[in-house]
Structure formats: structure tokens, C-alpha cells
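The sequence and structure are shown first, and the description follows.

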Amino acid sequence: LLLLSGAAPEMTLEAPKERNPPFGGRFQRRRVGAVSPGHGTSSASTDVPPTEEDDEQLARRLQEEVEASGAMSDAEVAALAMQLDELDGFADPSLLAAQFQEYDEKFTMDDAEKWNGHGDLMHSPFSREHLSLEKMDPVTLYSVGHGDMLEKDFWEMLQCHSIRVLYDIRPTDYRGEFHSRHQRFSIASLRGQCRARGVFFKSMPIGRESAYGTLAHVRSDEGRHTLVELAWQAKRKRTAFLGSEELWKDDNRQVIAEELVKAGHEVQHVRSDGSTEKHLPGIQYPDWLLREEDRLKLLEKKRQAGEAGEKVHKSRLERSSEAVAARLARPTDELDAMTELRLAANQRELVVAQRKLARYQRLADEKGLLANKVLKNVPEWVREDALKQAQWVAAKKKEKADAEGVKEDLEKDILEQPLSLPHADGEELPGAEVEESTAAATSVDAARISVASPETEPRQRKGRWARSREVARASTEDPGES
């Protein structure tokens, strides 16, 4: 009021002293327009808000900080520009359709590959429809073989490459069983060894006799499904497939490696010392692989005819009382039937185990004390299967004995048949006509015998019959010499 009235012009107001705020200079407000002491005319000193220039500088500084903290790379800028162009309608519709189709295929493949690792990957119809070896992402697999290696050396070889998944693809016989040269590499032993070391083990044989060898089996749906499952495992963990021989060129796993490489994957053959050899496509298969299918088909026909197994002739030493006493003194192998059934990992292995136990029980009932293996804790249905097998074997033996008896009777009738053929008027045919008629009758009888017994070879029978005819003709023509 005094200043406004002008009553005390000599009085001046001093600028208030600035006080440091309790939170430091960071939170001080900027003050402008403070009047210095000793000025003639003064006005009230008040806090003035920031000017427009200060707002622009602050906004520019904040923008620089944001750009410095989250700067976009050139690739991101290019992708953003392409996306903006697509949104503006400058992209080709066909390219967009192809891109969306690729996305759909990728999502479909991801859905088809959903599997918990138990059972079979290709058991689902959706997986069988959309999964294929050629469409899967390229992976690297390892090929290993045990041969005559020791168990310690074998696992050291696998540890050199950190193998976590082991697939057993060794072929089996017509019963579905695998017989290893060494007990340490049997399926049951390998499964226990893998379980102790934390390695996933699965037996999926490729090249069994019922599938007519490796080349024929790998072309089937079952073989292709096994290869797809191998690629699925290799995409997630280091995976190896196991063969019987130490060298891959002497083993059937070279076929699996060739198929995987042709589909775009990589296969490394692991040697016994841990070194690897990359598999190159276009190898030449050996003759024993190329002829395996024909050989197994012929073996199957012989087995169905009962001629597959050659009769073993034991020596006098093996049939001696000392050898029999030694076999009786040898302790028999006792197998727990329930343990063998629990070791089956899937339905296929369970069926093979059931047939094997029934066969062991049948042989134990037949041989008695001379049986090599005896079962304990045998379920009742295993005994019933053993009884059915024994009845089937007895029926087959009877059929074979009857066929041999019929064959012997026919041969006897042929030998006892008279050589002179009567004429229509009751007279005997002369010399040349007798020989022609005899040859005709012999050919008719040979054809009749070949039709009645198809298992025998006509060429061998024809030669034997001809010799018999010659002996009988000689005895008829010259009874004194006979």
C-alpha cells in the first residue's frame, strides 16, 4: 500500500534470499527477473513459468533420449517399410497369398509334431497325413555300431558326441526277436544301460525277415515312419541310431543314412575311436543287401513248406553219456515271465515277448531236465499258448509224415507196375511199341506224382524213375541174370 501511494519512495524491497530446497538442486525451480539490491525502482519478485523456448528444448531432449534408448536397426526399418507398403496396397496379392500359405503350413507342421515322446509319433492320423521326412527341418544324426566292442568303450564313444537318444534299428528274425553275439548288447541289456545313464532308448528294427530285408522295409510306411521319428528326436536332442557292425559299410544302417541324406538331413558315422565320417549321397549298396529281399522270400517259402531248417546231425561225442551228463549238471537259466513282460516298451514288443515265453514253456515241457531255459511265475495264459504251439507243431509233423508216406507208396506202386502193356485184342505189343508205351506211361505217372506232391523236384524224381524202369526192364528181359 505504501508503494502504491508513493509515501515512502526511498524504501526499497530486497529480493528474498534463495533457500536450498531440502531435495537438492535437481528439484529447484528456475527463478528469473530477480531485482538486485540498490536499484532505484523495483517490482515484486515472483516465480515466472518457463518460456516457449524452454519447452521446445525439453521436448527435443526427451525425444533424443527415447531414440537413443530404442533405436531401430536397418532390417527393422526395412521390415516396417515393407509392412507399411503392404498395408497401403502396393504388395502383390499372389505374394500375400503365398506368404499366408507358408504360415499355415508352418502352423500345421508344428501341430503335427506335437508329441510327448511316448508310444509312436506316427500313431496319430493327423501326423501321418502332414509329416514327411522331406518337409521336416534339416537335422544332424549320428550312426553308431557296437561290433565286438566292450561296454565301456561303447559308451565312451557315445559320450564323445553327447548322445542323449539311442534308437536300435538292428533287424530281427521271422519271430521278431533279435539275437546278439554278445549279451551286453542285447535289447534288454541296452535298455538297462541307457536307463542308468539317462539316455532315451527305443527299439524300432528296420530290415526284419517278415518285411523282406532292409531295402524293402525302408520303402514301406513303417520304415518311413521310423525315419520321421528319428528326425523328430534329432531336432530336439542329439540322436543316434544303432547297428550291429562296427563299420557302417558292413552294416544295414548305411541304407538308413542314405535315405536321410537324400531327404536333406546330415548323417555322421561315428568310428570306435570317436571320430566321425560324413555320409555322402549316392553310395553303391553291396550285393548282400541287393539280394537280401529275394533270399528272404525264398527262405519264407521253404519255411512254410517245412524245409527251411536243415536237420542237425550230432556227432557220437555229443551223443555220449558224458556229454548228456555234462548238460544235466549245467544249471538251467531261470527267467521270470512277469519281468520279461514288463520289459516290453510297446505293443509290438509285448506280442514278441508273449510268443517267446510260450515257446520257452513248450520246449521246457518237451525236454524236461535237458531244457536250457525254465520259466517261473508263469501266467496261465502263457501255458495255454504253449499247449497250442505244441498241438500245432504235432499237426505239422503229422502232415509231413503223411506226405512222405504217400510219396513212398506211389513210388512203390510205380516199381511194382508190370512193364508189358496188353493190346486192345489181348495181345502184347512188340518191342518198339512196348518201349514207346512204357515211356508214355512213365511220363503220365511222373506228372501224376508231381501233382500229388508239389514239394518234391520233378527232375530228380524223373531220373530216379527212369533208372528204376531200366532195372526192372533188364530183369524182365533176362530173368537168368536177375
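## Positive phi angles in loops

Asparagine 377 lies in the loop between β8 (373-376) and α16 (380-416); helices (H or I, at least four residues) and strands (E, at least two) are DSSP runs, numbered from the N terminus. The phi of asparagine 377 is near 55°, a positive value in a residue other than glycine. Most residues other than glycine have a negative phi. The model is a predicted one, in which local features need pLDDT of at least 70, side-chain atom pairs count only at pLDDT 80 or more, and totals for chains, interfaces and linings use all residues. Residues are numbered from 1 along each chain as its sequence is written, and side-chain values use heavy atoms, with hydrogens and water left out.

Tyrosine 212, which is not a glycine either, has a positive phi of about 65°. Tyrosine 212 is placed in the loop between β3 and α8. With 25% relative accessibility, tyrosine 212 counts as partly exposed; buried means under 20% relative accessible area, exposed over 50%, and partly exposed in between (1.4 Å probe, protein chains only).

Helix α10 is mostly covered, with nine of its ten residues buried. The buried residues include Val255, Ile256, Ala257, Leu260 and Val261, and also the charged residues Arg253, Glu258 and Glu259. Among the elements that cover the buried residues of α10 are β1 (140-145), α8, α9 (221-236), β4, β5 (266-270) and α11 (287-290). Just after α10, glycine 264 takes a positive phi of about 105°.

## Salt bridges

The structure holds 23 salt bridges, a salt bridge being a side-chain nitrogen of Lys or Arg within 4 Å of a carboxyl oxygen of Asp or Glu. One of them joins glutamate 245 to arginine 181, with the closest N and O atoms 3.4 Å apart. This pair links distant parts of the chain, 64 residues apart: glutamate 245 is in the loop between β4 (239-243) and α10 (253-262), and arginine 181 is in the loop between β2 (165-168) and α7 (187-197). Glutamate 245 is partly exposed at 27% relative accessibility, whereas arginine 181 is exposed at 51%.

Another salt bridge connects the side chains of glutamate 209 and arginine 303 (3.6 Å, N to O). Here too distant parts of the chain are linked, 94 residues apart: glutamate 209 is in the loop between β3 (200-203) and α8 (214-218), and arginine 303 is in helix α12 (residues 292-305). Glutamate 209 is partly exposed at 23% relative accessibility, and arginine 303 is partly exposed at 28%.

## Packing of α6 against α7

Helix α6 (residues 151-159) and α7 pack at an angle of about 50°, with their axes 13 Å apart; axes are lines fitted to C-alpha atoms, for helices over the stretch in contact, and angles run from 0 to 180 degrees between N-to-C directions. Helix α6 is therefore oblique to α7, since angles under 35 degrees count as roughly parallel, over 145 as roughly antiparallel, 65 to 115 as roughly perpendicular and the rest as oblique.

The contact (heavy atoms within 4.5 Å) is made by Glu151, Phe154 and Trp155 of α6 and by Leu190, Gln193, Cys194 and Arg197 of α7. By class, this contact has four nonpolar, one polar and two charged residues; Ala, Val, Leu, Ile, Met, Phe, Trp, Tyr, Cys and Pro count as nonpolar, Asp, Glu, Lys and Arg as charged, and the others, Gly among them, as polar.
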